[in-house]
Amino acid sequence: MLSGFANSTIWLIGIAMLLSRAVIKTGLGRRVALFFISVFGKKMIGVAYGFALADLVLGPGIPSASARGGGIMYPIMQSVATAYGSEPGPTARKAGSFLAIAISQIDTIVCAMFLTAMAGNPIMASLAGDLGVHMSWTSWFVGAIVPGLVALIALPYFLYKIYPGLLR
């Protein structure tokens with residue numbers, strides 16, 4: 001019954017929950033995200049890039065996609081959408097829907113970029129280790145940095161171009 005506690009991934013998940021609560025309680029995640037939004041937020045596409053940079057900065061230190069995306073980025077996204085006059089209902093497509101789609105996809109990209117950005121990544125590295133493939137944090141990062149950055153640059157622009165009803 002206690003053998004599960006010997007698995008380091010279980011400890012990573014538990015520590016991720018504690019760390020995410022600390023980041024939320026102290027407001028660190030909110031301050032980081034709002035900083036990037038204030039710098040890049042002249043247009044809606046800039047807001048999306050601001051969220052991408054904020055998620056990229058928070059990604060290595062918050063090993064939980066749910067904590068980062070749902071606990072930190074989503075509440076900020078709601079506030080930003082409201083500031084742009086986008087509320088659930090008829091005005092949702094002004095900004096809120098676009099930002100929700102962008103943030104969910106950005107969070108997925110960031111999860112793939114860092115070994116510590118998602119609790120499932122160390123499990124995959126452990127399974128690869130069982131097959132003789134050693135995955136360190138650095139080797140994971142080096143392998144994921146180029147496709148991750150390309151995706152983070154392309155995604156907000158692509159969504160901005162195809163999303164209908166968006167404030168320009």
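Trainee: Are H5 and H7 roughly parallel or antiparallel to each other?

Mentor: Keep in mind as we go that this is a predicted model. The axes of helix H5, residues 96-113, and helix H7, residues 137-162, come within 8 Å and cross at roughly 170°. Angles over 145 degrees count as roughly antiparallel. H5 and H7 are therefore roughly antiparallel.

Trainee: How many nonpolar, polar and charged residues does the contact of H5 with H7 have?

Mentor: Let's look at both sides of the contact. H5 contributes residues including Phe98, Ile101, Ile109 and Met113, while those from H7 include Trp140, Phe141, Leu152 and Tyr160. Among the others are Gln105 of H5 and Gly148 of H7, and Gly counts as polar in this scheme. By class, the contact has 19 nonpolar, 2 polar and no charged residues.

Trainee: Staying with H5, is aspartate 107 buried or exposed?

Mentor: Aspartate 107 lies in helix H5. Leaving aside neighbours within four places in sequence, aspartate 107 is in contact with Asp55, Ala65, Arg68 and Gly69. The cut-off for buried is under 20% relative accessible area. At 9% relative accessibility, aspartate 107 counts as buried.

Trainee: And how many Å separate isoleucine 103 from phenylalanine 51, C-alpha to C-alpha?

Mentor: Isoleucine 103 is also found in helix H5, and with a relative accessible area of 8% it is buried. Not counting residues up to four places away in sequence, isoleucine 103 touches Phe51, Met73 and Met77. Isoleucine 103 and phenylalanine 51 are 52 residues apart in sequence, yet their C-alpha atoms are separated by 7.0 Å.

Trainee: Let me move to H2. What distance separates the end C-alpha atoms of H2, and what span should its residues have?

Mentor: Helix H2 covers residues 28-40, which is 13 residues. At 1.5 Å a residue, these should span 18 Å. That agrees with the model, because the end C-alpha atoms of H2 are 19 Å apart.

Trainee: Within what arc do the buried residues of H2 fall?

Mentor: The buried residues of H2 are Gly29, Val32, Ala33, Phe36 and Ile37. The face turned away from this buried side carries the exposed residues Arg31 and Ser38. Seen down the axis of H2, the buried residues line one face of the helix, because they fall within an arc of 130°.

Trainee: Which residues does phenylalanine 36 touch, not counting residues up to four places away in sequence?

Mentor: Phenylalanine 36 has its place in helix H2 and is buried, with a relative accessible area of 15%. Phenylalanine 36 and alanine 52 are 16 residues apart in sequence and 8.9 Å apart in space, C-alpha to C-alpha. As for touching residues, phenylalanine 36 has Gly50, Leu53, Ala54 and Val57.

Trainee: What about leucine 34: is it buried, exposed or partly exposed?

Mentor: Leucine 34 is found in helix H2 as well. The C-alpha atoms of leucine 34 and methionine 73, 39 residues apart along the chain, are separated by 9.8 Å. Buried means under 20% relative accessible area and exposed over 50%. At 35%, leucine 34 is therefore partly exposed.

Trainee: Which residues is isoleucine 72 in contact with, leaving aside neighbours within four places in sequence?

Mentor: Isoleucine 72 lies in helix H4, residues 65-83, and is buried, with a relative accessible area of 5%. The C-alpha atoms of isoleucine 72 and glycine 29, 43 residues apart along the chain, are separated by 6.0 Å. The contacts of isoleucine 72 are Val23, Ile24, Gly29, Arg30, Leu58, Ile62 and Ala67.

Trainee: Turning to H6, within what arc do its buried residues fall?

Mentor: In helix H6, residues 120-130, the buried residues include Asn121, Pro122, Ala125 and Ala128. On the other side of H6, Leu127 and Asp130 are exposed. Seen down the axis of H6, the buried residues line one face of the helix, because they fall within an arc of 115°.

Trainee: Finally, what percentage of the residues in the protein chain are buried?

Mentor: The protein chain has 7 helices and 0 strands. Among contacts between residues at least 6 apart in sequence, 68% join residues at least 24 apart. Of the 168 residues in the protein chain, the buried ones make up 40%.

Technical notes: Residues are numbered from 1 along each chain as its sequence is written. This is a predicted model: local features need pLDDT of at least 70, side-chain atom pairs count only at pLDDT 80 or more; totals for chains, interfaces and linings use all residues. Side-chain values use heavy atoms; hydrogens and water are left out. Axes are lines fitted to C-alpha atoms, for helices over the stretch in contact, and angles run from 0 to 180 degrees between N-to-C directions. Helices (H or I, at least four residues) and strands (E, at least two) are DSSP runs, numbered from the N terminus. Angles under 35 degrees count as roughly parallel, over 145 as roughly antiparallel, 65 to 115 as roughly perpendicular and the rest as oblique. Contact means heavy atoms within 4.5 Å. Buried means under 20% relative accessible area, exposed over 50%, partly exposed in between (1.4 Å probe, protein chains only). The expected span of a helix is 1.5 Å times one less than its number of residues. The arc is that of the directions from the helix axis to the C-beta atoms.
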